[in-house]
Amino acid sequence: MHKHLISLIALLLMLPSLCGAQGTTPYTINHGPYLQGLTYDGVIVCFTTSDRGFSGVEIREKGSSEVRLCRTSKDGLFEADNTLNSIAIEGLKPATEYEYRIISKQMLSFEPYKVVFGEEIESEWYDFRTFDPKADEVTFVVANDIHDDAKKCADLLDLMPMDEAEMVFYNGDIMSHYSREGQPFTSFIDVSVEKFARHKPFAVVRGNHETRGHLAREYGNYIHNTREGRYYGVYYFGSTAVVMLDCGEDKDDEHPVYAGLVDFDRYREEQAAWLKEVVRSKEFRRAERRIVIVHIPPTVERMAQVEQNAKRVPDLMTWRGNAHLGELLLPILNKADIDVMLSAHLHSHVVFPPQEGVVEFPIIANDNVSAMLVRSSKEGVYVKIVNREGKTTLEETY
Ligand SMILES: [Fe+2]
């Protein structure tokens with residue numbers, strides 16, 4: 001009897017772990033879905049599952065019963081036994097409403113000749129619309145320098161008419177450094193999902209801070225601004241082109257804080273060469289309005305000649321990021337008929353006015369407590385900046 005009692009107690013003690021193995025801890029989609037890299041004909045759906053699994057995205061045109069299953073396939077293998085997913089959907093029609101849902105099977109064990117699946121789950125259907133190549137108007141939101149403050153991110157989004165916006169551009173320093181597993185979710189992705197990102201994409205124009213921390217090299221697993229997998233790129237919304245540039249660090253590559261681990265001078269030069277090609281391209285030249293988004297405002301010495309810049313610009317010129325971007329980008333962009341540049345980084349509201357032959361467009365540096373609403377239409381590029389108190393601090397059409 002005594003022996004039986006001991007066996008029973010042992011069995012009861014083992015029960016929780018046995019239950020776990022059998023999947024009584026529910027298998028869920030625990031982050032996302034959020035949309036990335038939306039274009040006229042494709043999108044990337046991102047999410048994580050609570051345990052290793054085999055996932056896909058089902059897509060259908062709104063109102064249609066014809067469903068297509070998309071998975072990530074590489075070298076003959078479907079992606080499986082993973083938790084973080086970014087599933088690209090290609091071949092969509094422009095300016096068309098779609099619905100998608102996630103399907104996923106937990107993978108309990110994955111042996112060479114025996115795979116054991118666990119729970120099967122599916123999300124609800126979410127809708128989105130591909131961008132319109134014929135659009136003559138686009139509205140988007142810009143927020144920056146959130147520095148891991150998800151509450152601030154939520155407050156800024158709440159200030160904006162998100163139903164009018166096609167997407168959100170996060171213009172850098174959304175995180176102060178990337179040092180904690182899951183930090184992109186807690187800092188801004190989860191709140192973006194809650195507010196808009198299941199239906200509308202966001203892009204992250206990196207700041208100087210997102211390149212810091214021992215996990216910074218993994219950030220690209222969460223952020224997919226372009227199909228090419230680069231942070232810099234161009235979004236086209238019909239007659240409007242939006243160029244995103246990846247500023248790199250603020251200090252010299254040789255600065256001791258980077259411990260010899262960064263290569264931003266070369267990276268900025270790579271982008272300048274790419275930008276030269278972009279501004280020459282047919283699609284860019286055909287655009288009627290052109291906006292540039294970059295976290296660090298580029299500066300050159302001659303900008304100090306303008307009275308309102310006189311104090312600020314000499315100081316900015318001591319920073320490698322500002323000066324190198326000024327030297328590389330302004331000669332290219334000055335010839336590219338840019339309407340406005342949207343910038344950040346300074347944590348204060350600054351507008352650098354256009355100067356003939358120096359900087360041919362205004363550079364607006366948004367502060368760290370305001371969001372920008374941008375509407376590009378036949379009337380020009382309308383920019384409205386609203387601070388966290390709901391006060392409008394800038395309202396101009398460029
Ligand atoms: Fe910054």
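## A tour from the cysteines to the iron site

By the rule that a disulfide is a pair of cysteine sulfur atoms within 2.5 Å, the count here comes to zero disulfides. Begin by selecting Cys46, which is in no disulfide, the nearest cysteine sulfur being that of Cys70 at 14 Å. The model is predicted, so local features need pLDDT of at least 70 and side-chain atom pairs count only at pLDDT 80 or more, while totals for chains, interfaces and linings use all residues. Residues are numbered from 1 along each chain as its sequence is written, and side-chain values use heavy atoms, with hydrogens and water left out.

Stay with Cys46 for a moment: at 1% relative accessibility it counts as buried, where buried means under 20% relative accessible area, exposed over 50% and partly exposed in between, with a 1.4 Å probe and protein chains only.

Now widen the selection to helix H2, residues 150-159, where Lys152, Cys153, Ala154, Leu156 and Leu157 are buried; helices (H or I, at least four residues) and strands (E, at least two) are DSSP runs, numbered from the N terminus. The cover over the buried residues of H2 includes strand E10 (138-143), E11, H3 and strand E19 (370-377), with contact meaning heavy atoms within 4.5 Å.

Move on to the iron ion, whose protein donors are Asp173 (OD), Asn208 (OD1), His295 (NE2) and His345 (ND1), lying 2.0 to 2.2 Å from it. Donors are N, O and S atoms within 2.8 Å of the metal (3.2 Å for Na, K and Ca), and because water is not among the atoms, sites may look incomplete. Which parts of the chain does the pair Asp173 and His345 link? Asp173 is in the loop between strand E11 (167-170) and helix H3 (183-197), whereas His345, 172 residues apart from it, is in the loop between strand E16 (340-343) and strand E17 (350-352). Both Asp173 and His345 are buried.

Finally, select Glu58 in strand E2, residues 43-61, which at 15% relative accessibility counts as buried. Its side chain makes a polar contact with the side chain of Arg101 at 2.8 Å, a polar contact being a pair of N or O atoms within 3.5 Å of which, within protein, one must be able to donate a hydrogen and the other to accept it, and residues adjacent in sequence count only if both atoms are side-chain atoms. Leaving aside neighbours within four places in sequence, Glu58 is in contact with residues including Val67, Leu69, Tyr100 and Trp125.
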